[in-house]
Amino acid sequence: MRPGGRGAVVVVLIELIACAGPAGLRHRVERGESLYRIAKAYGVTPEELARVNGIRDTGRIEVGQVIVVPRARRALPVGVITPESARGDRPAPPELPRGPSPFVWPVEAGVVTSPFGPRGDTHHDGIDIGSREGAPVRAARAGRVLYSDHLRGYGNLIIVAHDDGYATVYAHNRENRARPGAEVRQGDVIALVGQSGKTSGPNLHFEVRKDNIARNPLFYLPALPAGGAAYRRVDVVEGGHG
C-alpha cells in the first residue's frame, strides 16, 4: 500500500481512539494543577474524576500523572482557564492597578444576580450580571485576548490578559467577537451577552484575577455614580472600588 494511503489513515484513527480512550480524554497533570481545577476546566465534578480514575485522596495528584476525563474530546489549558485559588478580602491600595479608571463595568446595564464567594460546596470565582440577550460585552480594561472558545459549563468564554498580572474573564456569551491574540482597548465590544453553557438565563459571568488568583470584581470596578444612566440598573450588593 502506498505511503499516506488508506492504511495510514486507519493507523492514525486507531492512535487517536487509543489516546482518547473509551471513557474520554487522557489529561496529563501539569505543575500547579489540582483535581478540582482540572474538573472545573472540563465541566465535570472532582468526585467523578476521582471515581473514574480510582483516586481515593482528591487532594493528592502528581505532576505527570494521567487523568482520564469522561466525555472530553480535546485537551484544555487548565492553568489558563481556571484560577489557582480565590481571595475574598479587599485589595490594599498598592495592589490596585494605576489609572483613573483601571476597570470599567463590562455591561452597560444589568443586575448582579450572584455575588463572588462560596456557593454550596464550591466557590463562585466571579459575579454574574443578568442583562438582556445580545447586549454588548465590553473589555473591562485594555489587554490581549488570551483565550476565546466554547467550554462545557462556561459556554462561550473569553479571557483577556492585562498589565500587572491581571486578567478578566467573560463567560456564557451568546457570541465571542474577539479572537485569541487580539489586542483590545478598554470598552471594545468583545462578545454579546447570552446563556451558553450552564446558566439559568441571559447573563455575564465576570471574573477579575490577579496573578491567577480570583478576586472579588466589585473591589475593582468603579463605584456607580448616583443616578448614572449607564449603570443605574446594576444592583451592587457590596461596595465597589471607587
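Colleague: What makes Arg141 lie over the face of Phe103?

Modeller: A charge is said to sit over a ring if NZ of Lys or CZ of Arg is within 6 Å of the ring centre and within 35 degrees of the ring normal. Arg141 is 5.5 Å from the ring centre of Phe103 and lies over its face. This is a predicted model, in which local features need pLDDT of at least 70 and side-chain atom pairs count only at pLDDT 80 or more, whereas totals for chains, interfaces and linings use all residues. Residues are numbered from 1 along each chain as its sequence is written, and side-chain values use heavy atoms, with hydrogens and water left out.

Colleague: Why is the pair of Phe103 and Tyr166 called edge-to-face?

Modeller: Rings of Phe, Tyr and Trp (its six-membered ring) pair if their centres lie within 6.5 Å; planes under 30 degrees apart are stacked, over 60 edge-to-face, and the rest tilted. The centres of Phe103 and Tyr166 are 5.7 Å apart and the planes stand at 70 degrees, so the pair is edge-to-face. The two residues are 63 apart in the chain: Phe103 is in the loop between strands S3 (85-87) and S4 (111-114), and Tyr166 is in strand S11 (residues 166-173). Strands here are DSSP runs of E with at least two residues, numbered from the N terminus. Together with Tyr220, Phe103 and Tyr166 form one aromatic cluster.

Colleague: What makes the pair of Tyr170 and Phe206 tilted?

Modeller: The planes of Tyr170 and Phe206 are at 55 degrees, with 5.4 Å from centre to centre, and the pair is therefore tilted. Tyr170 is in strand S11 and Phe206 in strand S15 (residues 203-210), 36 residues apart.

Colleague: Why do Tyr170 and Phe206 count as buried?

Modeller: Buried means under 20% relative accessible area, exposed over 50%, and partly exposed in between (1.4 Å probe, protein chains only). Tyr170 has 0% and is therefore buried; Phe206, also at 0%, is buried as well.

Colleague: How do you know that Asp128 is buried?

Modeller: Its relative accessible area is 10%, so Asp128 is buried. Asp128 is in strand S7 (residues 127-130). Beyond its neighbours within four places in sequence, its contacts (heavy atoms within 4.5 Å) include Arg119, Asn203 and His205.

Colleague: How do you know that S8 and S14 pair?

Modeller: Two strands pair if DSSP finds at least two bridges between them. Three bridges join S8 to S14 (residues 189-192), so the antiparallel strands meet that criterion. Within S14, Ala191 is the bridge partner of Val137.

Terms used
Helix = DSSP H or I, 4+ residues; strand = E, 2+ residues; numbered from the N terminus.
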